[in-house]
Amino acid sequence: GRINPYIGVGPAILWSWFESPIGNGGANSVNVALVVEPGIRWMALPNVSIDTAMRYRYASPTYDIGSNAKMWVSSLNQFAFLLRANYHF
């Protein structure tokens, strides 16, 4: 099979929320994030590939907590390790 390294960089949509620890409800937010995903793809068969990747996502969400108040989170740095099988048709 063939081995193909790749890297992807681009925008993403991040849906996030939190619940108040004192039981006063919570808030949710939809923000733009930046995603970077380097990986390696192995072609197992002519139409089947397996890839491994590490995904990094950066966002700085803003939450509306009522009474015309907003809460900013300085940054969210999220990492995910992925193993996928793909069928190419």
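The questions below concern the sheet, the salt bridges and some single residues.

Modeller: This is a predicted model, in which local features need pLDDT of at least 70 and side-chain atom pairs count only at pLDDT 80 or more, while totals for chains, interfaces and linings use all residues. Residues are numbered from 1 along each chain as its sequence is written, and side-chain values use heavy atoms, with hydrogens and water left out.

Colleague: What is the order of the 4 strands in the open sheet?

Modeller: Strands are DSSP runs of E with at least two residues, numbered from the N terminus. Two strands pair if DSSP finds at least two bridges between them. The pairing in this open sheet is antiparallel, and the order is S1-S2-S3-S6.

Colleague: Why is one side of S1 and of S6 left without a neighbour in the sheet?

Modeller: Strand S1 covers 3–19 and strand S6 covers 76–87. One side of each has no neighbour because both stand at the edges, each with a single partner strand.

Colleague: How many bridges pair S3 with S6?

Modeller: Strand S3 holds residues 48–59. Among its partners in S6, Tyr87 is the bridge partner of Val48, and Leu82 is that of Ala53. S3 and S6 pair in the antiparallel sense, and the number of bridges is 12.

Colleague: How many bridges join S2 to S3?

Modeller: S2 and S3 form a hairpin with 2 residues between them. Ile40 stands opposite Thr52 in S3. The two strands run antiparallel, and the bridges that join them number 9.

Colleague: Which residue forms a salt bridge with Glu37?

Modeller: A salt bridge is a side-chain nitrogen of Lys or Arg within 4 Å of a carboxyl oxygen of Asp or Glu. Here the closest N and O atoms are 2.6 Å apart, and the partner of Glu37 is Arg84. Glu37 lies in strand S2 and its partner in strand S6, so the pair ties together parts that are 47 residues apart in sequence. The residue asked for is therefore Arg84.

Colleague: Is Asp51 buried or exposed?

Modeller: Buried means under 20% relative accessible area, exposed over 50%, and partly exposed in between, with a 1.4 Å probe and protein chains only. Asp51 forms a salt bridge with Arg84, with the closest N and O atoms 2.9 Å apart. Its side chain also meets that of Arg41 in a salt bridge of 3.9 Å, N to O. At 1% relative accessibility, Asp51 counts as buried.

Colleague: Which residues do salt bridges that share partners join into one network?

Modeller: By the rule above, the count comes to 4 salt bridges. Those that share partners make one network of Glu37, Arg41, Asp51, Arg55 and Arg84.

Colleague: Which side chain makes a polar contact with the side chain of Ser16?

Modeller: A polar contact is a pair of N or O atoms within 3.5 Å; within protein, one must be able to donate a hydrogen and the other to accept it, and residues adjacent in sequence count only if both atoms are side-chain atoms. Ser16 is found in strand S1, and at 10% relative accessibility Ser16 counts as buried. The contact spans 2.8 Å, and the partner is Tyr63.

Colleague: How far apart in space are Arg55 and Pro38?

Modeller: Arg55 is placed in strand S3 and is partly exposed, with a relative accessible area of 31%. Arg55 and Pro38 are 17 residues apart in sequence, and their C-alpha to C-alpha distance is 7.0 Å.
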